[in-house]
Amino acid sequence: MLFRRLSEVPAVTIAKLRGRARGAGSEFLLACDMRFASRENAVVGQPEVGIGTPPGAGAIQHLTRLLGRGRALEAVLTSADFDAELAERYGWINRAVPDAALDEFVAGLAARIGDFPRDALIAAKAAINAITLPTPADVRADAALFQQLVRGAAAQQRMAELFKRGLQTRGRTELNLGDALGDLKAVD
């Protein structure tokens, strides 16, 4: 519900991504109002299904609304990494911006928005949120399913194997997690 609350704050939230945002990191981005990413360096992904559980902090809700059913299924069910250009084409991020221009672009956008009347910004955001945000009950249902399955044997075995292969350490597994998840077929 923390990410749901982030989406509801009256302030406009703009995320800027230069590296990798997977799982909860991606869900944090999705909870922000807008997302901009380095064309050369950004990667997003939802690895949970490859580990043994569906995403549990809003990704299913947001990705389905942003990407549409087929692309949301592709993103969630494959647990693949998406570079910034594909993420932009699918609608996961607003824009992929050349890395050298990312800071200036986001600062300019924020400054432009910041110059507009506060009440108009709050009203427009609230109206769009009313149409697009998932209900708290939907978010809670996803979280409950995640909590149930993450404790299961399949998820525990897959996580243990990923840690053996270097998960959460700088190296091939962490940098190419989407590929590493695809290599776990024999672990079940």
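Author: Let's begin with handedness: the crossing of α2 and α4 is left-handed. Bear in mind that this is a predicted model.

Reader: At what angle do α2 and α4 pack, and how far apart are their axes?

Author: The angle is about 55°, and the axes are 9 Å apart.

Reader: Which residues make the contact?

Author: From α2 you have E27, L30 and A31, and from α4 A59, H62, L63 and L66. Sorted by class, that contact has five nonpolar residues, one polar and one charged.

Reader: How should I read the spacing of residues along a helix?

Author: The general idea is that an α-helix has 3.6 residues a turn, so residues three or four places apart point the same way. Now look at α4: its buried residues are A59, Q61, H62, L63 and L67.

Reader: What about cores? What's the general idea?

Author: In soluble globular proteins, nonpolar side chains tend to be buried together. Here the largest nonpolar core has 25 residues, and L17, V44, L63 and W92 have the most contacts inside it. Elements giving two or more residues to this core include β1 (14–17), α2 (24–31) and α4 (59–67). Another core, of seven residues, lies apart from it, with L167, L177, A180 and L181 among them.

Reader: Which residues does W92 touch, leaving aside its neighbours within four places in sequence?

Author: Among them are L30, V44, L63, L67 and F82, along with S26, R35 and Q46.

Reader: Is F36 buried or exposed?

Author: The cut-off for buried is under 20% relative accessible area, so at 4% relative accessibility F36 counts as buried. F36 sits in strand β3, residues 34–38. Beyond its neighbours within four places in sequence, F36 has contacts including I14, L17, L102, F105 and L109. Its C-alpha atom is 8.9 Å from that of R18, 18 residues away along the chain.

Reader: And N129, buried or exposed?

Author: N129 is buried, because its relative accessible area is 16%. This residue belongs to helix α8, residues 118–132. Leaving aside its neighbours within four places in sequence, N129 is in contact with S7 and E8.

Technical notes
Residues numbered from 1 in each chain as written. Predicted model: local features only at pLDDT ≥ 70, side-chain atom pairs only at ≥ 80, totals over all residues. Heavy atoms only, no water. Core = buried A, V, L, I, M, F, W, Y, C linked by side-chain atoms within 4.5 Å. Buried < 20%, exposed > 50% of the residue type's maximum accessible area, 1.4 Å probe, protein only. Helix = DSSP H or I, 4+ residues; strand = E, 2+ residues; numbered from the N terminus. Contact = heavy atoms within 4.5 Å. Axes fitted to C-alpha atoms, helices over the stretch in contact; angles between N-to-C directions. Left-handed = near helix turned anticlockwise from the far one by under 90°. Nonpolar A, V, L, I, M, F, W, Y, C, P; charged D, E, K, R; others polar.
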